[in-house]
Amino acid sequence: MHLKKIAETPDAPTIPAQPTVRQATKGHRFDVELVAVTKRYSATTTAVDDISLRIPRGSYCCLLGPSGCGKSTTLRMLAGHESVSEGAILVQDVEITTLPPIQRGTSMMFQDYALFPHLTALENVAFSLKVRKVPKEERLKRAREYLELVQMDNLANRLPNQLSGGQQQRVALARSLITRPKVLLLDEPLSALDPFLRTRMRAELKRIQKELGITFVHVTHSQEEAMALSDMMVVMNDAKIMQAAPAREIFETPENAFVAKFIGGHNVLVSEGRAVSVRADRCRIGAQPGMRTAKGEITMIEYHGPFVQISLAGDSGDDLTAVMSDAEYFAQEPRIGDRAAISWEASSEHELVA
Amino acid sequence: MMMTARGRPLSFYVLAGLMALLLIFLYAPMLCVYILSFQGPDGGMSFPMVGWSFHWFEVLFEGTGGHGIGDVPNSFRRSVRLAAFVSVLSTVIALSAGMAYRRKFPGSNFVFYSAIAAMVLPGIFIGFGIALTFNLMGWTINWWSSGIGAQLTWSLPFGLLIMFIVLGRFNPAYEEAATDLGANARQRFQMIILPIILPGIVGIFVSSITSSYEENARTQLNVGLGNTMPMEVTGLLTGSSTPVLFAIGTLTSLFMFALILGSVLLMGWMARRRAARSEL
């Protein structure tokens, strides 16, 4: 994939240099670097507070966090639609902090797609070529190619309001990609779709990202979406980055209580005087000899098919969750209001940074 | 569950009755005017009809009606000329101001409310004030200076209000998307903003034509030599009383309906052209 990308780069040397040397001199390691970036709206309101981040080349990166955490502002600063108060932004080793959007090598897909309502799908996709005065014949031909990439070539002459949400999104994607961005920025791209379409478009985004080999930066508040897509997951809260790592690392070793709670599936509690997280699927109902336990009252039982999720109000004041297999659950069949204990192996505990 | 057709509440009939009364009040007199304009040569200002004819229309165009029949064709020409200038100016100024107001600037609220306040100020005093000022400065009043200015104090606030509503509903993401795709300020305006808000602009243009064409209070002291249509009609009303007046009413209504129909057809044509292109 990397080799293919280098070959596509117009300024790649034609003389076959030694591959390792070329890698070392020509290649960049990161598609995006944020260096101590801050966004201040006034003396008292800071939307993004001194964050630094490096996104490796060709990766699918999700910015994840609750609303107001600064993830969208970060994306908009990357896109050049929001000025940077302090710090620097680099795309493929080139500083772009103050460049206008089109010169940054980024392209943004907007939350409500922002397709131009008076232009057909094809004209929408061809728009960036039109403003660059590419001849009509050529720009329509190229726009058609990009509509093919997103499987929308059969509806090329529809207006946006004649397209469904999913179709509009495909057009918006094609319109962004035709600028040949080094980094594609997606602002909650799936939030306007119904759940079924959402999982389908999710797979589609991942497929296109793999096919093009460029970096996608995707803002979402859904941890499920972020886990399913990310090569790199960035959890944000309160204008700061809480943790940036591959999804598995974040799920298995969350940095702090916020991350453990936000990505879900974790119990955050105090064990032996330390703050720890324990995955809910590593917890079982019922005290077991040799295991750590916490007691409480069952407040909720959710049946999910292959597993059953049981929530307890712990005596220590923590909310506790255990996930049991359905077979295990129906063997015991605990009820709401029952007193119960959950237990886990000491080795399942993961110590959190306070 | 069975769905039964429920009767309408009493309030529906009360409100529908009120609406019917309003419509009768609005259109019945106009209908009388239209019918009476076809009064026979010997007929008077009221029913019954003494025969049917186009006599009063002929009188109107020939200007041979004797006493009190002024210069209607010229007044009409003056009014249309004024309306053309005022509507173009209103549209251009409202559009520019609307674009400027998308960014807040110090004192923007004050300027906005001062412009809008012109709607509630009594027109006759505005007209008087403008004429007085011209007199004080030693300038001659003229249709193209004080006349257009006086009419703008009336049509522009409406144009501004419509423009603010139209641009308030404009999704700023369109513009950001255009910027993202490399469009410069001029291209954004020409290729994105203008086509999207075009129906609003046509609306301002048409409403400016009508508000200019029927404006009297501000215009009469400032238009200079020669009457406009509303002045002419007022003169006829106070002076002579022949069915010529009704002929003017019928023609003016026709003119206005044609204007509205024309703009509706124009919008329909634009929508059809857009749809046709999308089915290529």
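## Close-up views of a predicted two-chain model

View 1. Chain B averages a pLDDT of 84, and 92% of its residues score at least 70; pLDDT is the predictor's confidence in each residue, from 0 to 100. This is a predicted model, so to speak: local features need pLDDT of at least 70, side-chain atom pairs count only at pLDDT 80 or more, and totals for chains, interfaces and linings use all residues. Residues are numbered from 1 along each chain as its sequence is written, while chains are lettered from A and ligands numbered from 1 in the order in which they are written. Helices (H or I, at least four residues) and strands (E, at least two) are DSSP runs, numbered from the N terminus. For the complex, the predictor gives an ipTM of 0.80 and a pTM of 0.78.

**View 2. Where chain B meets chain A.** Here 18 residues of chain B are in contact with 21 residues of chain A; contact means that the C-beta atoms, placed from the backbone, lie within 7 Å. On the chain B side, α7 (172–180), α8 (185–213) and α10 (244–278) each supply at least two residues. The largest share, 6 residues, comes from α7(B). That side of chain B divides into 9 nonpolar, 5 polar and 4 charged residues. Ala, Val, Leu, Ile, Met, Phe, Trp, Tyr, Cys and Pro count as nonpolar, Asp, Glu, Lys and Arg as charged, and the others, Gly among them, as polar.

**View 3. A hairpin in chain A.** Strands β1(A) and β2(A) form a hairpin with 5 residues between them. β1 (residues 30–40) and β2 (residues 46–56) of chain A run antiparallel and are joined by 7 bridges; two strands pair if DSSP finds at least two bridges between them. Look for A:V32, which stands opposite A:I55 in β2(A).

**View 4. A three-stranded open sheet.** In chain A, 3 strands line up in the order β11-β12-β18, with antiparallel pairing. β11 (266–271) and β18 (350–351) of chain A stand at the edges with a single partner strand each, so one side of each is left without a neighbour in the sheet. Strand β12 (residues 274–279) of chain A is joined to β18(A) by 2 bridges, and A:V276 has A:E351 as its bridge partner in β18(A).

**View 5. Two residues with positive phi.** Most residues other than glycine have a negative phi. A:Y113, though, has a phi near 70 degrees, and A:A114 has one of about 50 degrees. A:Y113 lies in the loop between β6 (106–109) and α4 (121–131) of chain A, and A:A114 lies in the loop between β6 and α4 of chain A. A:Y113 counts as buried, with 23 C-beta neighbours inside 10 Å. A:A114 is buried too, with 24 other C-beta atoms within 10 Å. The cut-offs are 20 or more other C-beta atoms within 10 Å for buried, 12 or fewer for exposed, and in between for partly exposed, with C-beta atoms placed from the backbone.

**View 6. Around A:V125 in the largest nonpolar core.** This core has 126 residues, and A:V125 is one of those with the most contacts inside it. A nonpolar core is a set of buried Ala, Val, Leu, Ile, Met, Phe, Trp, Tyr and Cys residues joined through C-beta atoms within 7 Å. Leaving aside neighbours within four places in sequence, A:V125 is in contact with residues including A:A143, A:L147 and A:I178.

Notes. Contact = placed C-beta atoms within 7 Å.
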